[in-house]
Structures are given as structure tokens and as C-alpha cells.
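Welcome, and thanks for taking a look at this one with me.

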Amino acid sequence: MVFDSFIAAHWTMLGTVFAIAVVLGAVVNKSNFCTMGAVSDIVNMQDWQRMRMWILIIAVAILGVGLLEPLGLINADDSMPPYRSADFAWAGYLVGGLLFGIGMTLGSGCGNKTVVRIGAGNLKSLFVAAILGTVAFFIVNPLPLVDASLRDLLFGWVQATALSHSHGQDLGSLIAGEAGHWVRPLLALFIGGALLYAVLRVTGFRRDRNAVSGALIIGACIVAVWTVTSNVYVADEMDQRDTLQTYATDWDFHHPDTDTGRPESTRWLAPQGVNFVGPLVQSTEYTASGFDPALVTVGVMVIGGVILGSFLWALISRSFRFEWFADRQDFNRHLSGGVLMGIGGPLAMGCTFGQGITGMSTLALSAPLALGGLILGSALTMKVQYYKLLYEDEATFGKALVTGLVDLRLLPASLRQLDAL
């Protein structure tokens, strides 16, 4: 899409992303897709149905990006967050994913599910979203009266563990270096095709039309946001085309006498998929500013669109209802969940959608590492909660943790502290 006005180009992109997000929110609500629920189903019932749905979404996203990128329709190299960054901060991805997984279990859902539940009337999720957005803001921005962020103060060691890859950390670049862009489509076909086969070969899953259609639409929404944010240009009188990010960076050259329509930051004009940690931070800033139009970003549109889509489906399905904390313990659990997701999300450079789907679509190594930490954190937290509930005072945190690790086959059975019933 080429425009002769930055404002027209910018708001067309934002409006299109908003429309896609409305569809995303409605479909996630309708299909009951939940990444924490997918982990919970396996841990508690050995039911892989929602996990297969998640895998199908990842497959669609990988195939979409892998096939559209060589055609110039998607630019994942210059994305924000920078999934293919040369710096492979493995410790941050792993620790961040672990913390986020623990947090999403305590907070009754990841960033996406939190936003979807807001649309369905869940006030607990609104509280979690506010906590997540605020904590994540101070993870990446300086604290008041302190010239350092929480990441600098608490996790400065993470950068010291980072490994540098001159051509980027995605599989294509690691295999073929500068020629990585030729290898990525083949890898996408192989990996995406293998994932498709793995889930669609299961007859029970294939017959679940709600799950299959939901996964296909959710995956298509991820690819659609990638495509829209990669293909909006502003052309001058000489038909010189600039991306929105390039144009806004050179704003004073194009508009030396006015700031009307100028965004507060150019960072989030870069190509991007769907994430929920950064967008919740941006939405928190936007709300705190009194809804300053200069702070409207793709992320803000994603949050608003998903809430609206979920709300519309909740009305259609008559499932909308207000929900608040059951007691103080419930409040404290959700508070802890929001804090841990706010810390873990920026460290992992994403959430279940940000790394678990969008990051995976770029074939970046950070994605499976963050995803592995996230699933481990969630599964282990569920195990600890289970044994604490089952044995009450007898199950200390240490005993429940060790037994949970035994159940997940991460420790030998001889170390079991509590019997499973």
C-alpha cells in the first residue's frame, strides 16, 4: 500500500490491524484457545487437543512467513521485537520464559488470554493486565529517580551471557550465513509441513472443526499483521517510497514546521507480528497519557481489537459476565502472576504469542528456548499447586517442587517426596 500522506498511511495500517485483531479476539474466545489451558490439559488430563491447536497455529505462521517473505511481502529481518537479532541472549529467553510460565499459571492465563477475558467481562484480568503492563514498563525503562531500569538492576548479568551471531540467530542464517534468506523458505516448508502432518494425522483433532478452523484463522491473523505492517509506504513527489519508520525518522526533513501526526516513537512502526507484552506496555502508556494520539501504536490497536472481538463474541454467545476476586488469596495469586509476567515477558522478548507463535514464525532460536522455559514454568507451577492442595500442610514448597520435577521426569523417581493419587 502506497500513500502520499504519512497520516493516511499510518492510520490505514492501524485501522487494518485493529480489524484483524477484532477477528483474532472473537476467534480465540469462540474456540477457547488458551496456551496455559493447553499445558494444563496435558499435565492434568493427558489431553493434547488444545496443544495440537497451538501447534497448528505455529505451523500456519511458519509457512505464511516462510513463503511470503521471499516474495517481499513480509520483512521479518527488521522486526520489532528483533527476533533475528545477532545477540542470542539465551539466559534471558530461558529465565524470562520460566518466569512468564509461572506468572501465567498464577494469573489464570497468558497475555492473550488475559486480554480476551477482559473483553468477556473478567475484571480480574483487567487488574492483571494493568500490573503486567506497569511492571514490564519499568523492566525496560528507567525507574523514577533512578537512571536504570529493573532489567539493569536485577538482570544485568543476562547480557553478559549473550552469544553473538554475525548474520542473525534464525536457523536460516545459522545454516547459510548471508545466504540464509534462500534457505528459510525450505526450512519453513519442512518444519511447518512436519508440524501440520503431526497434528492433522490425528483423526480426533481433524474432526474437531471448531479447533481446526480456529487455529487456521488465528495463524492467518498472525501472518496478516506481519504482511500489513511490512507493506505500507509513503511516496513523495518524485515517487521515492519510504517505509513509515524511515519517513517518521526523517520527519523534520519532510515537515520542518509541524509535528501534527508525528508519532511519539518510531520503534513500533517497524514490521511486527502479534505480541501481548509490548502492546500492554504501550496501552498502559497510552491510557496514562490521557489517550494521546501520538502514542497510538500497532500494539495498542491489537489490544483494543482483541478486547472488542472477544466482547462481541461474548455477547453473541451470551457468555459475557463480570468476574471479580473470590478472596484475598485469589487476589494475591493474580497479583503475583501479573508481576512475574511483567518481568518475564521483556526478558524472554515475548509471550506465548510473541515468542510462542510470532517468534517461531521467524525460525529464530530465541523462540523455542523461551517457549520451553514458559511451558516448564507453567507445568511445574501446576504440579506444585496440585500437591499443595492434595497434602496441604504436609506438602512443603520444597517437597512439592521436587515431586513435580519427578513427575515431569526431570529428576529420578527415587527422589519423590509425595505420592501421586
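In which sense do β1 and strand β4 (residues 233–235) pair, and over how many bridges? The two pair in the parallel sense, over two bridges.

## Ground rules

This is a predicted model, in which local features need pLDDT of at least 70 and side-chain atom pairs count only at pLDDT 80 or more, while totals for chains, interfaces and linings use all residues. Residues are numbered from 1 along each chain as its sequence is written, and side-chain values use heavy atoms, with hydrogens and water left out.

Helices (H or I, at least four residues) and strands (E, at least two) are DSSP runs, numbered from the N terminus.

## The sheet

β1 and β4 belong to an open sheet of three strands with mixed pairing, in the order β1-β4-β5. Its edge strands are β1 (2–3) and β5 (241–243), each of which pairs on one side only. Two strands count as paired if DSSP finds at least two bridges between them. Within this sheet, valine 2 stands opposite tyrosine 233 in β4.

## Two backbone details

Methionine 80 and proline 81 are joined by a cis peptide bond, with omega at about 0 degrees. Proline 81 sits in the loop between α3 and β2 (87–88).

Phenylalanine 291 has a phi near 65 degrees, a positive value in a residue other than glycine. You will find phenylalanine 291 in the loop between α15 (277–288) and α16 (298–316).

## Where α6 meets α17

The axes of helix α6 (residues 123–140) and helix α17 (residues 328–348) come within 7 Å and cross at roughly 35 degrees. These axes are lines fitted to C-alpha atoms, for helices over the stretch in contact, and the angles run from 0 to 180 degrees between N-to-C directions. The crossing of α6 and α17 is right-handed, meaning that the near helix is turned clockwise from the far one by less than a right angle.

On the α6 side, the contact (heavy atoms within 4.5 Å) includes Phe127, Ile131 and Val135. On the α17 side, the residues include Phe331, Leu335 and Val339. By class, the contact has 14 nonpolar, three polar and two charged residues. Here Ala, Val, Leu, Ile, Met, Phe, Trp, Tyr, Cys and Pro count as nonpolar, Asp, Glu, Lys and Arg as charged, and the others, Gly among them, as polar.

## The largest pocket

The largest pocket holds about 930 Å³ of space. On a 1 Å grid over the protein atoms alone, a pocket is an open set of points with protein on both sides within 12 Å along at least five of seven lines, a cavity is a set where a 1.4 Å probe fits but cannot get out, and lining residues have an atom within 4 Å of a point. Grid points are joined across faces, edges and corners, and a volume is the space filled by probe spheres set on the points.

Of the 42 lining residues, Met80, Val140, Arg151, Arg267 and Trp268 are the closest to the pocket centre. α15 provides the largest share of the lining, five residues. The lining comprises 23 nonpolar, 13 polar and six charged residues.

The largest cavity has a volume of about 60 Å³, and its lining includes Met80, Pro81, Trp268 and Val298. That lining has eight nonpolar, four polar and no charged residues.

The second largest cavity has a volume of about 30 Å³. Among the residues that line it are Glu69, Arg84 and Arg184. α3 (49–68) and α10 (180–200) are the elements that give two or more residues to this lining, and α3 gives the most, with three. By class, the lining of the second largest cavity divides into four nonpolar, three polar and three charged residues.
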